[in-house]
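Subject: Structure for your files

Hello,

The structure you asked for is below.

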Amino acid sequence: MLSKPKGTIDVKGSDALLYEYVSNLVNTIMASYNYEYIRTPIFESSELFHRSVGESSDIVKKETYDFLDKGNRNMTLRPEGTAGVVRSFIEDKEYALPDVKKYYYNGTMYRYERPQTGRLREFTQFGVEVLGSNDPLVDAEVISLQYKILEALHIDNLQVNINTLGDAESRNNYRDALVKYIEPHLDELCEDCKERFKTNPLRILDCKVDADSEVLKNAPKTIDYLTNDAKVRFDTVLKYLDLLEIDYEVNPKIVRGLDYYDHTVFEVVSLDNNETRQSVLGAGGRYNKLIKELDGPESYGMGFACGIDRIINILKEMDLYKNIKREVDCYVMYVSEEEKLYALDLIQSLRLNGVICETDYLNKGLKGQFKQADRLNAKYLIILNNEDLQKGLVNVKDNVTKEEEKIDISEVVEYIIGNL
RNA sequence: GCGGAAUUGGUGAAGUGGUUAACACGCCGGAUUGUGGCUCCGGUAUGCAAGAGUUCGAUCCUCUUAUUCCGCCCCA
């Protein structure tokens with residue numbers, strides 16, 4: 001038996017409707033913020049991700065889908081969306097344009113991970129990237145945009161956890177201080193933290209095992225190592241968020257795992273999402289260094305990415321979305337071959353007029369067709385029979401009131417449209 | 001990459017080392033000679049994730065593999 005690859009899903013049925021619903025909502029809201037849709041390749045040169053996401057990050061070290069194409073080029077299935085968008089921005093020299101570029105994307109990403117609920121190898125994210133402005137206004141807008149989308153889906157108990165890493169100077173100062181502080185206490189930390197100490201010391205801060213240890217409680221805080229400019233900048237972001245009425249909590253432990261972040265970093269969680277599950281719905285931050293890192297000029301970037309699959313998991317448990325299904329306007333019933341000809345013609349006319357129309361494809365009896373019509377929640381039934389057709393009439397039954405009337409066949413389409 | 005649990009039909013599931021794998025929903029057919037949704041009757045897994053082993057005999061025991069779920073790592 002052939003089956004789908006590990007960590008992938010088939011999206012169909014009510015799931016597909018939910019994905020469609022979320023995507024449509026994203027499109028609508030993005031439009032009102034005037035973000036442009038961008039679609040970048042699903043595979044890019046491996047080098048792009050090594051240089052953007054970072055050689056030392058776990059994503060690149062052990063989670064990418066790499067392959068050699070037939071021209072012996074090293075390719076990687078995109079593990080995240082930012083790198084491709086930034087690459088495109090640089091490649092097309094959009095930094096030279098007079099305006100800020102505001103992009104949003106919505107597509108599949110690939111990471112070779114151990115799958116769990118809310119963690120797939122092929123997963124779907126939407127996200128935004130704002131390129132070319134360092135104004136704290138952008139930080140606040142990006143965070144609020146993500147927040148407002150989740151809010152529009154009626155996901156409750158949202159919380160934004162926010163922190164700042166500061167500029168390069170702040171970040172380096174802090175890193176040095178942290179390393180100096182941790183080193184003598186290294187033996188008191190867990191095995192994973194000893195490894196992190198070598199690869200990415202900042203990540204020790206959000207270790208769950210050592211979270212309650214005295215060592216971490218007394219560790220230096222990023223906020224104390226900010227340059228004055230970086231601090232003022234962060235305070236400004238928070239002020240704007242207050243103004244936009246976004247619930248946030250400054251959490252000095254948020255550091256993020258991708259190497260390209262500086263200044264603002266944040267994540268949005270849903271607190272009542274069955275607690276143990278993957279509760280981070282989206283995350284992002286500012287990445288001013290990244291553009292130069294990828295051979296662009298000095299520029300600025302800020303964005304977020306949001307996991308649609310996780311959103312869908314939450315929506316599926318909400319009463320609001322329990323009965324989502326496509327409703328059929330009209331079900332056309334026939335039995336004989338002659339009636340079928342009328343049916344075919346009528347169905348086409350209805351469909352071309354925008355009526356969602358279904359019929360029988362299995363030569364079922366009338367009883368079976370009634371059953372199918374009910375399964376489809378058809379609002380109207382059109383029952384064809386030879387006797388009436390010869391008089392130019394068809395039976396139209398309102399499937400809610402159960403009232404039935406005979407309508408002139410030339411007026412059926414208008415009648416249905418008029419009643420929908 | 002590491003640790004743990006699970007896997008029975010279209011679905012929810014019960015069950016046992018030994019002839020026909022319960023029950024329910026769904027679906028199909030009939031009672032109802034072309035207007036159903038109620039009721040009644042009948043049908044619906046040559047099969048218990050896949051493969052190998054133990055056994056006279058395994059869905060049930062053992063091993064391997066796969067997948068799913070949970071925890072860790074990490075992350076959306």
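Domain bounds here come from an automatic or database domain assignment. For chain A that assignment gives domain 1 (13–157 + 250–321) and domain 2 (330–419). The C-alpha centres of domain 1 and domain 2 are 47 Å apart.

This is a predicted model, in which local features need pLDDT of at least 70 and side-chain atom pairs count only at pLDDT 80 or more, while totals for chains, interfaces and linings use all residues. Residues are numbered from 1 along each chain as its sequence is written, and chains are lettered from A and ligands numbered from 1 in the order in which they are written.

Helices (H or I, at least four residues) and strands (E, at least two) are DSSP runs, numbered from the N terminus.

Sheet. Strands β2, β4 and β3 form an open sheet of 3 strands in the order β2-β4-β3, with antiparallel pairing; two strands pair if DSSP finds at least two bridges between them. At the edges are β2 (43–45) and β3 (65–68), each pairing on one side only. Neighbouring strands of this sheet are turned by 35° against each other on average, direction ignored. Between β3 and β4 (residues 74–77) there are 4 bridges, in the antiparallel sense. D66 stands opposite T76 in β4.

Helix α11. A residue is buried if 20 or more other C-beta atoms, placed from the backbone, lie within 10 Å of its own. By that count 7 of the 9 residues of α11 (residues 308–316) are buried, so the helix is largely enclosed by the rest of the structure. The buried residues are I308, D309, R310, I311, I312, I314 and L315. Their cover includes α1 (13–32), β6 (122–131), β9 (262–270), β10 (280–286) and β11 (301–307), where contact means C-beta atoms, placed from the backbone, within 7 Å.

S57. This residue is in the loop between α2 (46–52) and α3 (58–62). S57 counts as buried because it has 22 C-beta neighbours inside 10 Å. From S57 to P98 is 41 residues in sequence and 34 Å in space, C-alpha to C-alpha.

Helices α5 and α9. The axes of α5 (residues 136–152) and α9 (residues 228–243) come within 8 Å and cross at roughly 45°. Axes are lines fitted to C-alpha atoms, for helices over the stretch in contact, and angles run from 0 to 180 degrees between N-to-C directions. The contacts bring P136, L137, D139, A140, I143 and S144 in α5 against R233, T236, V237, Y240 and L241 in α9.

Regards

Conventions. A residue is buried if 20 or more other C-beta atoms lie within 10 Å of its own, exposed if 12 or fewer, and partly exposed in between; C-beta atoms are placed from the backbone. Two residues are in contact if their C-beta atoms, placed from the backbone, lie within 7 Å.
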